[in-house]
Amino acid sequence: MTTYDPATVKISPESWVADQARRYEESNGTEATDMKGSPCLLLDYQGWRSGEWRRTVLIYGRSGEDYLIVASKGGAPEHPLWFKSLITNPEVHVRVLGERFPARAEVLTPDEKAEVWADLVEVYPPYEDYQKSTSREIPVIRLTRV
């Protein structure tokens, strides 16, 4: 495991994600903070095998003070790699606009997901099609500030 330092976090190898993450971070959360009008955050998490800190950009919803993210991977048949990392290492760091804070990731139960799913689809309508296009249950993760 490596010590958390936001300046040395490895950014996603996906070029569009990396570009957005860099702009978000370099602007201190004043640019690249949405995706097609949906709000985005930066999620820094530890890789499940390497323990190295990594960063991705994710659309989020809210539930009270908590942030909700969706492990949709565009409706692919498998979960995104970052999701497996959250299961192994639930202690994460989040940047929302200009604020960075530590948080704990927790996968919602099916009943908890049902309570927030319509709100998440309102934030980003493609989630509904993503869930219909895959046989896996798309997880929703709560990020609670610690």
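Residues are numbered from 1 along each chain as its sequence is written, and side-chain values use heavy atoms, with hydrogens and water left out. In this predicted model, local features need pLDDT of at least 70 and side-chain atom pairs count only at pLDDT 80 or more, while totals for chains, interfaces and linings use all residues.

The account begins with strand β3, which covers residues 38–46. Helices (H or I, at least four residues) and strands (E, at least two) are DSSP runs, numbered from the N terminus. Eight of the nine residues of β3 are buried, where buried means under 20% relative accessible area, exposed over 50%, and partly exposed in between, with a 1.4 Å probe and protein chains only. Two strands are taken to pair if DSSP finds at least two bridges between them.

Strand β2 (residues 34–35) runs antiparallel to β3, and two bridges join them. Methionine 35 stands opposite serine 38 in β3. The hairpin of these strands has two residues between them, and lysine 36 there takes a positive phi near 55°. Strand β4 also runs antiparallel to β3, with seven bridges joining the two. Within this pairing, valine 57 in β4 is the bridge partner of leucine 42. The β3 and β4 hairpin has six residues between the strands, and glycine 51 in its turn has a positive phi of about 75°.

A further antiparallel partner of β3 is strand β6 (residues 91–96), joined to β3 by three bridges. Leucine 42 has arginine 95 as its bridge partner in β6, and leucine 43 stands opposite valine 94. Like β3, strand β6 is mostly covered; five of its six residues are buried. From β6 the pairing continues to strand β7 (residues 99–107), which runs antiparallel to β6 and is joined to β6 by six bridges. Valine 96 has glutamate 99 in β7 as its bridge partner. In the hairpin of β6 and β7, with two residues between the strands, leucine 97 takes a positive phi near 55°.

What is the C-alpha span of helix α3? The 14 residues of α3 (residues 110–123) should span 20 Å at 1.5 Å a residue, and the end C-alpha atoms are 19 Å apart, which agrees; the expected span is 1.5 Å times one less than the number of residues. The helix has a kink of about 45° centred on valine 116, the bend at a residue being the angle between axes fitted to the seven residues ending there and the seven starting there. Valine 116 is also among the buried residues of α3, which are Lys113, Val116, Trp117, Leu120 and Val121. An α-helix has 3.6 residues a turn, so residues three or four places apart point the same way.

Asparagine 28, in the loop between α1 and β2, has a positive phi of about 60° although it is not a glycine. Asparagine 28 counts as partly exposed because its relative accessibility is 42%. Lysine 73 lies in the loop between β5 and α2; its phi is near 50°, a positive value in a residue other than glycine. At 40% relative accessibility, lysine 73 therefore counts as partly exposed. Proline 77 is found in the loop between β5 (66–70) and α2, and counts as exposed because its relative accessibility is 66%. Proline 77 and glutamate 91 are 14 residues apart in sequence, yet their C-alpha atoms are 26 Å apart in space.

The largest pocket has a volume of about 830 Å³. Of its 31 lining residues, the closest to the centre are Ser12, Glu14, Thr56, Pro80 and Trp82. Two or more lining residues come from each of β1 (10–11), α1 (15–26), β4 (53–63), α2 (81–88) and α4 (126–132). Strand β4 gives the largest share, six residues. By type, the lining divides into 18 nonpolar, seven polar and six charged residues; Ala, Val, Leu, Ile, Met, Phe, Trp, Tyr, Cys and Pro count as nonpolar, Asp, Glu, Lys and Arg as charged, and the others, Gly among them, as polar. On a 1 Å grid over the protein atoms alone, a pocket is an open set of points where a 1.4 Å probe fits, with protein on both sides within 12 Å along at least five of seven lines, and lining residues have an atom within 4 Å of a point. Grid points are joined across faces, edges and corners, and a volume is the space filled by probe spheres set on the points.
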